[in-house]
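User: I would like to learn how to read pockets and cores in a structure. Could we work through one case together?

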Amino acid sequence: MGATVYFSREITPEKVLELYKLTGKELNGNVAVKVHSGEKGNQNFLRPEFWKPVIHYVGGTVVECNTAYPGARNTTRKHKKLLEYHGWIQHFKVDLLDAQGPDLVLDIPDGKVIQKNYVGKDMAAYDSMLVLSHFKGHPMGGYGGALKQLSIGCASSHGKAYIHGAGNVLKIWSADHDSFLEAMADAAGSVVEFFKGNIVYVNVMKNMSVDCDCCAKAEDPCIADIGILVSTDPIAIDQACIDLVYACCDPGKPHLIERIESRNGVHTIEAAAARGYGSREYTLVEVK
């Protein structure tokens, strides 16, 4: 019952494309490919070369948004420079969605914490989305996967502050923590609704540090690589990744689990499931 999540322990660019094809989902029209461009200095993010086969297959445009904190990605000028430095511009057509304002505002009438989501205005130019996520820990969210890419990842610089602050940008780092997680679930759902479900999700469990790719100085990976997961359900794919971490025998897993649990990371999945745009129930189909 629930969603199908395709899984392979073989982590190669070619395997990403193979699993994507198994979903049978055609991403039509103008395809946005959401990636994490990687903060300058981060050693763990997945490089553009890794994603090349699947991005070229869908004929998509790599999309990103500016950050809401100081660093190499918080202004359009600096972010574009970093996108070139990390090789994204050399390999793909790239669109910084919030390079110029005003933001595109997505209404969330049934949102538990926020009723609006502010995303880069260029999102309006796309018909479908391929969400490429590097699954790992996260200093605030506990973990980062598909739901984070949909929410914080697609939000504009202002939108990121709005989600982090649970609707109040002045509380970007001081809002009630569970409310922040629930705001992420609200925001993620608005992007799913915007694309009317025309999204495929890829989570790669490789280079898994307790820190996010947004950290310029991240811890090295603490757990062995696990594999690639692909699904059309953002909730199921994140739940499957969490389950695989708990099920593995790697001696480093307590460190990653502590990061997830200490930030109540699973609550984002719980809140997203309560919104009803996916399911925590899934069938894991392993592909050799």
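User: How do the residues that line the second largest pocket divide into nonpolar, polar and charged?

Analyst: In this predicted model, the lining of the second largest pocket divides into four nonpolar, two polar and four charged residues. Among the residues of that lining are Asp107, Asp110, Glu193 and Arg275, together with Ile108, Pro109 and Val192, and H7 gives the most to it, with four residues.

User: Which element gives the most to the lining of the largest pocket?

Analyst: That element is H5, with four residues, and strand E8 (136-138), helix H6 (157-164) and helix H7 (177-194) each supply at least two. The lining of the largest pocket divides into 15 nonpolar, seven polar and seven charged residues.

User: Which residues have the most contacts inside the largest nonpolar core?

Analyst: Within that core of 49 residues, they are Met129, Met205 and Leu229, and H8 gives the most to this core, with eight residues. Leaving aside neighbours within four places in sequence, Met205 is in contact with residues including Ile11, Phe135, Leu229 and Leu244. A second, separate core of 29 residues includes Leu17, Leu19, Val202 and Ile228.

How values were computed. Residues numbered from 1 in each chain as written. Predicted model: local features only at pLDDT ≥ 70, side-chain atom pairs only at ≥ 80, totals over all residues. Heavy atoms only, no water. Nonpolar A, V, L, I, M, F, W, Y, C, P; charged D, E, K, R; others polar. 1 Å grid on protein atoms, 1.4 Å probe; cavity = no way out; pocket = protein on both sides within 12 Å on 5 of 7 lines; lining within 4 Å. Core = buried A, V, L, I, M, F, W, Y, C linked by side-chain atoms within 4.5 Å. Buried < 20%, exposed > 50% of the residue type's maximum accessible area, 1.4 Å probe, protein only. Contact = heavy atoms within 4.5 Å.
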